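Please consult the sequence and the coordinates alongside the text.

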Amino acid sequence: MTRPYVRLCRAAVVASAVGALVLPALGGTAGAAAPVAGAGYAAAPSPTPSGDEVRDLTPQVKQRIDQAVRRVMKQANVPGVTVGVWTPDKGEHVRSFGVADKDTGRKMTPDLFMRIGSETKTFTVTAVLELVDEKKIGLDDTIGKYIDGVPNGDRITLRQLAGMRSGLFNYSEDEDFFKALTSDPNRPFTPQQLLDYSFKHPVQFQPGAEFSYSNTNLILLGLVVEKISGQTLADYIQDHILDPAGLEDTSFPTGNEFPRPHAQGYTNQTATGAVEDSADWDPSWGWAAGAMISTLDDMRVWARTVATGQLPDGERLISPATQKQRLTTPPTPIPGAGYGLGIFDVQGWIGHNGSLPGYESLTIYLPSAQATLVVLLNTDINYKNEEPSTLFGDAITKIISPDHVFNLPSQPAAR
């Protein structure tokens, strides 16, 4: 069995037996994630706070981080990357490396706007959870209650959509979709068009039977938010998430708009396979699964907010009971990695990664140390079937948290 080589928008999760771990997000790098034996929803154990979970960010440790970042950059041919590590009592380290624009040589800097791909999923699922808290929807409602025409729609629940256990085909793995996108990267897509690419395929398995990362799930959840709230998804996220969290530099674009200054993005997910600059591509094909834009500092704030459900001012964004459900992360085929409701837990690090043509990101939070790691880079070109964002995450966490190494493997789907 083979599947189209569509990395596009990935979101961190596990690779399936035939290939793709859909990792970052925006339409998601295609790839059906691996099946999970059973669908037990036992909550992951809560880590015990400890000051020893992360090393002191001494000058020597910071030097090791910089050396590791440069090594990965050279190894994976990454043009530019920005890295931020923050702890409450062990120090912080923020630094950019390389270039934001290969043509002009403009340097990468921490203030640049970046496309964050599948990290969009954390915002979309947060919107769903807010509506759950308002008792306007229920996680165990079926999607058929809100959206017509969904295969198995009378059985697939909103919880299964958010947890990547719906069985719906990932539209970004569809060959016709890939051709349509790469033949005209500036074309807009509607949510219904994206669903049409998915629904022409049979379901992959019965709801809840397995785990398989699918951007289709998030498109449906985005439509639920719009239907129940009466707002566009972009407006709802702005009013109910970005504004309360103070994320002034995060946005949900409606077209290919991209605030400045931003990094150019470099991808080989093109019609010819040649590397192109994707900064001006229209991300509407990722919509609720991966269209958003942010900055290093905003993602630093969001890392803790999404992992705790608590706003920077101490108020709750998500109730403790609902947040507990989000952080119930059933195991995946990868040892040490689980996936909850639009969020993963890899060796104790909670968060998400994102990948779409030209950009990758990683935003994770280690509750046991209240530590945050954010990585933003301007390429999605794999190195030996590994995503560069994962390579950076692995290399940095081996230094700062050797007992909690972000070692999430990923592999693109084979054509």
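With which residue does Lys200 form a salt bridge, and how far apart are the closest N and O atoms? The partner is Asp174, and the closest N and O atoms are 3.3 Å apart. Lys200 lies in the loop between helix 5 and helix 6 and Asp174 in the loop between helix 3 and helix 4 (175-183), so this pair ties together parts that are 26 residues apart in sequence. A salt bridge is here a side-chain nitrogen of Lys or Arg within 4 Å of a carboxyl oxygen of Asp or Glu.

**Basis and confidence**

The model is predicted: local features need pLDDT of at least 70, side-chain atom pairs count only at pLDDT 80 or more, and totals for chains, interfaces and linings use all residues. Residues are numbered from 1 along each chain as its sequence is written, and side-chain values use heavy atoms, with hydrogens and water left out.

The average pLDDT (the predictor's confidence in each residue, from 0 to 100) is 88 for the protein, and 86% of the residues score at least 70. Over residues 10-50, pLDDT stays under 50, and the model has 215 contacts beyond four places in sequence for this stretch. Residues 411-415 also have pLDDT under 50, with 26 contacts beyond four places in sequence. A contact means heavy atoms within 4.5 Å.

**Salt bridges**

Side chains of opposite charge can pair when their charged atoms come close.

| Lys136 | Glu134 | 3.2 Å |

Accessibility is classed by relative accessible area: buried is under 20%, exposed over 50%, and partly exposed in between (1.4 Å probe, protein chains only). Lys200 is partly exposed because its relative accessible area is 45%, whereas Asp174, at 2%, counts as buried. These two residues also belong to a network of salt bridges that links Asp174, Asp176 and Lys200.

Lys398 and Asp394 are 4 residues apart in helix 11 (residues 388-400) and are therefore separated by about one helical turn. Lys398 is partly exposed at 47% relative accessibility, while Asp394 is buried at 19%. An α-helix has 3.6 residues a turn, so residues three or four places apart point the same way.

In the remaining tabulated pair, Lys136 is partly exposed at 47% relative accessibility and Glu134 is partly exposed at 38%. Glu134 is placed in the loop between helix 2 and helix 3. Its C-alpha atom is separated by 10.0 Å from that of Ser319, 185 residues apart along the chain.

**A buried glutamate**

Glu53 is situated in the segment before helix 1 (59-76). This residue is buried yet has no salt bridge, the nearest side chain of opposite charge being that of Lys90, 9.2 Å away. For this assignment, Lys and Arg count as positive and Asp and Glu as negative, while His and the chain ends are not counted.

Which side chains make polar contacts with the side chain of Glu53? One is that of Ser368, at 3.5 Å, and another is that of His404, at 2.3 Å. A polar contact is a pair of N or O atoms within 3.5 Å; within protein, one must be able to donate a hydrogen and the other to accept it, and residues adjacent in sequence count only if both atoms are side-chain atoms. Beyond its neighbours within four places in sequence, Glu53 is in contact with Leu366, Ser368, Ala369, Ile400, Ser401 and His404.

**Helix 6**

Helices (H or I, at least four residues) and strands (E, at least two) are DSSP runs, numbered from the N terminus. Helix 6 comprises 15 residues (215-229); at 1.5 Å a residue it should span 21 Å, and its end C-alpha atoms are 21 Å apart, which agrees. The expected span is 1.5 Å times one less than the number of residues.

Of these 15 residues, 11 are buried, so helix 6 is largely enclosed by the rest of the structure. The buried residues include Asn215, Leu218, Gly222 and Val225. Their packing partners are helix 2 (120-133), helix 3 (158-162), helix 5 (191-199), helix 7 (233-245) and helix 8 (287-290). Just after helix 6, Gly230 adopts a positive phi of about 80°.

**Thr295**

Thr295 occupies the loop between strand 6 (293-294) and helix 9 (296-308). Its relative accessibility is 4%, so Thr295 counts as buried. Not counting residues up to four places away in sequence, Thr295 touches Asp111, Leu112, Phe113, Asp249 and Leu376.
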